[in-house]
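Reader: I am new to this structure. Please take one part of it and go through that part closely.

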Amino acid sequence: MRILHTSDWHLGRSFHRVSLLAAQREFIDHLVTTVRERSIDAVTVAGDIYDRAVPPLAAVELFDDALHRLADLGVPTVMISGNHDSARRLGVGAGLIDRAGIHLRTDPAGCGTPVVLSDHGGEVAFYGLPYLEPGLVREELGAPAAGHTAVLGAAMDRVRADLATRPPGTRSVVLAHAFVTGGAVSDSERDITVGGVASVPAEVFDGVDYAALGHLHGCQTITERIRYSGSPLAYSFSEAAHRKSMWMVELGAAGEAPSCERVECPVPRPLARIRGRIEELLADPDLERHEEAWVEATLTDAVRPHEPMARLARRFPHVLTLVFDPERPPEDPLASYAQRLRGRSDRQIAEDFVAHVRGGRGPDERERALLGNALEAVRSEAHEGVVAGEGVVPGEDVAPVGENGAGAAVGAVAGEAER
């Protein structure tokens, strides 16, 4: 069976305020063409179909068009919801479109119920594991703890239990949206840290023929049976060196390692990260190759230059963002705030702030528990999506935890202190 593995479409996303809708439409054209010309037997989409819980109308229309075109090809498609999607919204009508060969899996309760397809080699069971937010699904799945490894392990136990009831020789494919240990991250992925741990071991997927993963935006191989397709487009400058692609996976007999080939995706415009003093960037002949790229420029001038964006735009008309990083000795106390926060979790930032405003006295155990509960509440709200009338203006996105989680957590501790 020949499977096309893709994920992380993020329909409706922009790139530094530049709309990517036309590029996403071009990707859908490429996807449909690949399915037709490569004689694909099944398509898998491993989550983050939309970029936000309440997507803009244009993104919904593009998704609807993709569904119709895939259904018209008569090629079965299995999709799961990701941490950017609202599982309940995305799953509306899933039962109806299932009849058209488009199988949307957004309910954690269905982890052990596969979509079963057949080829000349027998049956292939596709298990869709939507993004499992630990605080929301732990009880439903009977997980022993509220962490990613525990809930994903509980879901995989259901997969293996169902697979054991299938005829001998049944092959299995699992779709999952998770951060597996060993994967390389990008700046554009929303943080899913729970209790300081975001990743799960690859061994959680033991027993299946292929795990089609989503969440990380770089195409990568964890093992010969566990792979990320990555996003079809670059969504941050940290992805400047990525080759955006999909995996074409051929399943042989049960137990055989799948054969995988990368299928390149169209690039709307290359990305470039340039760094130096502004006069150097404007004069360096080696940078000519980036003049038609989307550019992130990091200026190292000791003093902020006059009108730097306008000056850079005359040479690089598609410059999108400026970063100021003046050259300073390592011991300089004026190191940027962003550098001091790099690599720290929302919880660590919140605890540090509490200690800062209280003269060095950090939160006690009860307050740390409050911080953790507040962060989990914000994360769950972001995953579920907040409807109009519940604190979000219609059409606005729900901010990810990394954007407001620490602030919400500190607010919860402050409120408790007042009581």
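**A closer look**

Author: In this predicted model, histidine 215 counts as buried because its relative accessibility is 4%, and buried means under 20%. Histidine 215 sits in the loop between strand 12 (210-214) and strand 13 (220-223). Its side chain makes a polar contact of 3.4 Å with the side chain of asparagine 83.

Arginine 243 lies in the loop between strand 14 (226-228) and strand 15 (245-250). With a relative accessibility of 46%, arginine 243 counts as partly exposed. Leaving aside neighbours within four places in sequence, arginine 243 is in contact with Cys219, Arg262 and Glu264. Proline 232 is 11 residues away from arginine 243 in sequence, and their C-alpha atoms are 9.1 Å apart in space.

Searching the whole structure gives two cavities of 30 Å³ or more. The volume of the second largest cavity is about 60 Å³. Its lining consists of Leu129, Pro130, Tyr131, Leu132, His148, Val151, Leu152, Ala176, His177 and Ala178. At least two lining residues come from each of helix 6 (148-163) and strand 9 (171-177). Helix 6 contributes the most to this lining, with three residues. Sorted by class, the lining of the second largest cavity has eight nonpolar residues, two polar residues and no charged ones.

Conventions:
Residues are numbered from 1 along each chain as its sequence is written. This is a predicted model: local features need pLDDT of at least 70, side-chain atom pairs count only at pLDDT 80 or more; totals for chains, interfaces and linings use all residues. Side-chain values use heavy atoms; hydrogens and water are left out. On a 1 Å grid over the protein atoms alone, a cavity is a set of points where a 1.4 Å probe fits but cannot get out, and a pocket is an open set with protein on both sides within 12 Å along at least five of seven lines; lining residues have an atom within 4 Å of a point. Grid points are joined across faces, edges and corners, and a volume is the space filled by probe spheres set on the points. Helices (H or I, at least four residues) and strands (E, at least two) are DSSP runs, numbered from the N terminus. Ala, Val, Leu, Ile, Met, Phe, Trp, Tyr, Cys and Pro count as nonpolar, Asp, Glu, Lys and Arg as charged, and the others, Gly among them, as polar. Buried means under 20% relative accessible area, exposed over 50%, partly exposed in between (1.4 Å probe, protein chains only). A polar contact is a pair of N or O atoms within 3.5 Å; within protein, one must be able to donate a hydrogen and the other to accept it, and residues adjacent in sequence count only if both atoms are side-chain atoms. Contact means heavy atoms within 4.5 Å.
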